[in-house]
Every structure is written in structure tokens, then in C-alpha cells.
Amino acid sequence: EGVEKGKAIRQIEFKPKDEDSDYSKLRMTLDRKNLDVIRMKAFYKDGSRFTFAIDKFTPNKPFDESKFVFNPADYPEIHVEDLRID
């Protein structure tokens, strides 16, 4: 926990269980007051670091169900192999 730009924050670090993972840890920074995500920083084993900053957080935003449905007709150039067992 700490203060950043006058805002109380909380940081949580996540470490992968899989030793073969490409990253060594992830650090999520939250606004301590409302628990909104401020940023996520990924630390890779090769020394790379990537920061994903969240400028605007809109929780529980409604989405049309069609956003989560794959329609093969929208992609006529591909072959779809359905491996589900009837």
C-alpha cells in the first residue's frame, strides 16, 4: 500500500505457478478507495517489462450477446472443424 499522485493505492503481485512461464510476475495497481484497476505491469524473464495503463474503467458494462458468438458465415474463407461429440 502507498500513495501515488496524491491517491491511495494498493499493489498486488502475482507469480506464475508454472516455472516455464515467460513472465516472472505481474503487478496490479489498484485505487484503494474504489478498487479500480489503475495499471497492470508484466515482468518477463528476459528482462522485458510491459505496463498496461487503464485510463477509464467502466465496470459491468452491458454487451450485446452477439459480441461473444462466433458466426462462421462472417468468415467464408475459413474451414471450421467442430470436434464436439453429439
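**Strands, turns and side chains**

Analyst: Strands S4 and S5 form a hairpin with four residues between them. In that turn, Gly47 has a positive phi of about 95°. The model is predicted.

User: How many bridges join S4 to S5?
Analyst: The two strands run antiparallel. One of the pairs sets Lys41 against its bridge partner Thr51 in S5. The number of bridges joining S4 to S5 is five.

User: Which residue in the turn of the hairpin formed by S1 and S2 has a positive phi?
Analyst: The hairpin has two residues between its strands.

User: Is Lys5 buried or exposed?
Analyst: The cut-off for exposed is over 50% relative accessible area. Lys5 has a relative accessible area of 85%. Lys5 is therefore exposed.

User: Which residue in S2 is the bridge partner of Val3?
Analyst: S1 and S2 run antiparallel and are joined by three bridges. Strand S2 covers residues 7-14. Within this pairing, Gly2 has Ile9 as its bridge partner. For Val3, the partner is Ala8.

User: How many bridges join S2 to S3?
Analyst: S3 covers residues 23-31, and it runs antiparallel to S2. Arg10 stands opposite Leu30 in S3. Ile12 has Met28 as its bridge partner there. The bridges joining S2 to S3 number six.

User: Where does Asp18 lie, and how exposed is Asp18?
Analyst: Asp18 lies in the loop between S2 and S3. Partly exposed covers the range between the buried limit, under 20%, and the exposed limit, over 50%. Asp18 is therefore partly exposed, with a relative accessible area of 47%.

User: Which residue has a backbone nitrogen that the side chain of Asp18 reaches?
Analyst: The loop between S2 and S3 holds Asp18. Its side chain comes to 2.9 Å from the backbone nitrogen in question. That nitrogen belongs to Asp20.

User: Which residue in S4 stands opposite Tyr23?
Analyst: S3 and S4, the latter covering residues 37-44, pair in the antiparallel sense over seven bridges. Lys25 stands opposite Phe43 in S4. Opposite Tyr23 stands Tyr44.

User: What is the phi of Leu35 in the turn between S3 and S4?
Analyst: S3 and S4 form a hairpin with five residues between them. Leu35 is found in the loop between these strands. Its phi is positive although Leu35 is not a glycine. The value is about 65°.

User: Is Thr29 buried or exposed?
Analyst: Thr29 lies in strand S3. Buried means under 20% relative accessible area. The relative accessible area of Thr29 is 1%, so Thr29 is buried.

User: What is the length of the polar contact between the side chains of Thr29 and Gln11?
Analyst: Leaving aside neighbours within four places in sequence, Thr29 is in contact with several residues, including Ile9, Arg10 and Gln11. With Gln11, a polar contact joins the two side chains. Its length is 3.2 Å.

User: Which residues from Asp36 to Arg39 are in contact with Thr29?
Analyst: Neighbours of Thr29 within four places in sequence are left aside. Strand S4, which pairs with S3, covers residues 37-44. The contacts of Thr29 include Asp36, Val37, Ile38 and Arg39.

Note on methods. Residues are numbered from 1 along each chain as its sequence is written. This is a predicted model: local features need pLDDT of at least 70, side-chain atom pairs count only at pLDDT 80 or more; totals for chains, interfaces and linings use all residues. Side-chain values use heavy atoms; hydrogens and water are left out. Two strands pair if DSSP finds at least two bridges between them. Buried means under 20% relative accessible area, exposed over 50%, partly exposed in between (1.4 Å probe, protein chains only). A polar contact is a pair of N or O atoms within 3.5 Å; within protein, one must be able to donate a hydrogen and the other to accept it, and residues adjacent in sequence count only if both atoms are side-chain atoms. Contact means heavy atoms within 4.5 Å.
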